[in-house]
Amino acid sequence: MKGFKFAGVAAGIKKNSKKDLGLIFCDAPAAAAALFTRNRVTAAPVILGKEKIKQGRVQAVLVNSGNANCFTGEKGIEDARACSRLTAEALGIDSDLVMVSSTGVIGAHLPMDKFETGVPCVVAELSGQAEQFEKGVEDFSEAILTTDTCRKIVRETGFILGKPFTILGMAKGSGMIRPDMATMLAFVCTDVQITSSDLKTALTWANEKSFNRITVDGDTSTNDTLLALANASSGVRIQDGESKIIFQEALDTVCQDLARMVVKDGEGATKLVRISVKGAKTNQDAFKAAEAIAHSNLVKTAIYGEDPNWGRITAAAGRSGAQVAMEKMDLFFDDQALVIQGKWQGIEAEKNTAKIMENKEINITLDLNLGTRSDAFLFCDFSEDYVKINADYRS
């Protein structure tokens with residue numbers, strides 16, 4: 001993809017000597033749009049990012065893992081600005097065009113000496129040649145990880161008036177994941193020509209049906225950032241209704257695939273689950289019921305134990321605030337009915353469901369039979385490893 005370069009290095013921010021400083025660079029300022037966490041305890045790079053994104057143009061993004069730069073007061077803001085300046089000086093661009101993102105432990109100040117030595121190194125590593133592009137993408141995607149077990153990279157190609165365009169998405173996220181910008185961090189780069197306002201509209205819509213429909217543990221991060229950059233290098237213009245539809249479909253695919261990767265890589269997760277609620281009276285009812293089921297620790301542990309404890313699912317829907325009627329509920333695991341019109345389908349149905357629950361991916365459908373509205377969430381199970389990972393996170 002022309003005009004974008006990526007890099008990732010080990011700057012010593014993490015204790016384990018792994019890559020922890022990543023950089024995205026555009027040859028020229030790109031149209032930009034971003035969405036941020038709704039958590040009121042907000043990291044310094046998010047506070048700074050909300051200011052910078054107003055101009056709608058970004059040329060570089062510096063991302064560190066191992067330290068969230070959150071709950072760090074005025075010094076945290078100063079450090080975030082200093083990271084922007086260091087990057088701008090190394091690249092020879094205006095610091096107003098540099099966004100910064102951080103992820104990691106909350107409360108500690110950034111080790112600025114590591115950035116002073118690390119930023120020149122990551123700039124030097126920028127992928128310049130075609131054969132280095134993939135390495136740069138992989139190194140960047142690795143540098144932004146925390147408890148993730150794998151890099152998360154998605155590409156999608158589309159065509160408008162016979163011309164191809166590309167969207168490249170990279171994300172990190174494994175724990176502290178729930179709706180309200182559930183990505184932790186995600187970066188989307190595309191070579192289309194689009195206004196920052198149209199990009200923000202497309203990104204908002206894509207986010208609503210992807211990152212805002214997933215959960216791992218029900219915690220909203222302090223640093224969540226979804227940033228999109230468009231550099232116009234393909235010559236494809238997104239301006240009329242048809243081109244916007246085609247671009248939106250491609251962007252939706254990228255965000256949904258990344259969101260799926262985040263949940264599948266959830267801390268300690270062994271199973272990926274989709275809960276679909278249909279037959280709701282209103283859109284809000286469908287959302288409330290699906291969200292409550294996806295967040296339920298009792299449902300998550302039952303999934304892990306491969307126990308068809310369907311009462312936990314219907315109970316979660318009942319406390320969600322959605323309008324429900326017990327005598328009308330249908331509940332399915334794949335095509336196996338556990339409840340029909342509020343009636344349990346018996347031991348044999350549970351045995352068949354237990355077999356289905358051995359799969360790594362499970363589909364659950366709850367039909368409220370009260371209307372025509374529907375919604376869905378992706379979530380994962382809870383295992384002992386989730387507790388171990390988070391008990392030892394700062395060790």
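A salt bridge is a side-chain nitrogen of Lys or Arg within 4 Å of a carboxyl oxygen of Asp or Glu, and a search of the whole structure finds 16 of them. The model is predicted, so that local features need pLDDT of at least 70 and side-chain atom pairs count only at pLDDT 80 or more, whereas totals for chains, interfaces and linings use all residues. Side-chain values use heavy atoms, without hydrogens and water, and residues are numbered from 1 along each chain as its sequence is written.

**View 1. The salt bridge between Asp148 and Lys152.** The closest N and O atoms of this pair are 2.8 Å apart. Asp148 is buried (under 20% relative accessible area, with exposed over 50% and partly exposed in between; 1.4 Å probe, protein chains only), its own value being 9%, and Lys152 is buried at 0%. Both residues belong to a network of salt bridges that also links Lys172 and Asp265.

**View 2. Arg213 with Glu208 and Asp375.** The side chains of Glu208 and Arg213 meet at 3.1 Å, N to O, while the closest N and O atoms of Arg213 and Asp375 are 2.9 Å apart. Because Arg213 lies in the loop between helix 5 (196–208) and strand 8 (214–215) and Asp375 in strand 15 (residues 373–380), the pair ties together parts that are 162 residues apart in sequence; helices (H or I, at least four residues) and strands (E, at least two) are DSSP runs, numbered from the N terminus. Glu208 is partly exposed at 29%, whereas Arg213 is buried at 8% and Asp375 is buried at 11%.
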